[in-house]
Amino acid sequence: MRARYMGRILMADSFLRIAKRICMLGLCAKEMRNMELPRSAFIWKTTGVWTLTVILAVLFLLAGGGKLAGVPKQVDSFAHWGYASWFLYVIGAIEAASAIGLLVPRIAVFSVLLLGVTMLGAALTHLVHHEMMAVPVPLVILGLLVVVGYVRRGPLVALYERLVDG
């Protein structure tokens, strides 16, 4: 029993020594964040984020356009859920405007926030009305929005820093 305990202490001590040596070599976590990605990794990351952004923008533009056009299925769904008819058009306008905003990197994070709240509302609506098969769809879309929002978080962080330091 004591040998196991001593072995764990020695193992933890060796991990700490390795971590100190890595930091001495200049590879600390703080400095690793500032390291540049290899060019190929940067290109794949950029291409992937833009592809995801365009797919989400098209999805929300179609969904928002359908709501703004007053597609009968959407009107019936909103009536079934007990929402006022004007709410259909508000959600449609939010989705369509935010879809366009997703394509502008400086305001993409704010569009993600609007669409994220909309997707949370959609998931809660389906949950409250016992439409369990429909609940995962807005949650998956919310997850994809989180990815885009994380990558495009720069303007939001800058705004926060300006307000805090300000």
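Ile107 is found in the loop between α5 (85-102) and α6, where helices are DSSP runs of H or I with at least four residues, numbered from the N terminus. The model is predicted, and local features need pLDDT of at least 70, side-chain atom pairs count only at pLDDT 80 or more, and totals for chains, interfaces and linings use all residues. Residues are numbered from 1 along each chain as its sequence is written, and side-chain values use heavy atoms, with hydrogens and water left out.

Ile107 is partly exposed, with a relative accessible area of 41% (buried means under 20%, exposed over 50%, partly exposed in between; 1.4 Å probe, protein chains only). Ile107 belongs to a nonpolar surface patch of about 1,000 Å², whose members include Trp50, Leu103, Phe110 and Leu163. Patch residues have over 30% relative accessible area and no salt bridge, with nonpolar side chains joined within 5 Å. Two or more residues each are given to the patch by α3 (39-69), α6 (108-128) and α8 (154-165); the largest share, four residues, comes from α3.

Arg152 lies over the face of Trp50, 4.5 Å from the ring centre (CZ of Arg within 6 Å of the ring centre and within 35 degrees of the ring normal). Arg153 is placed likewise over Tyr150, at 4.0 Å.

Leu142, in helix α7 (residues 136-151), is buried at 18% relative accessible area. Beyond residues up to four places away in sequence, Leu142 touches Gly116, Met119 and Leu120 (heavy atoms within 4.5 Å).

Definitions and conventions:
Patches are made of residues with over 30% relative accessible area and no salt bridge: like charges are joined within 9 Å, nonpolar side chains (Val, Leu, Ile, Met, Phe, Trp, Tyr) within 5 Å. Accessible areas come from the Shrake-Rupley method with a 1.4 Å probe; for residues, only the protein chains shown count as cover. A salt bridge is a side-chain nitrogen of Lys or Arg within 4 Å of a carboxyl oxygen of Asp or Glu.
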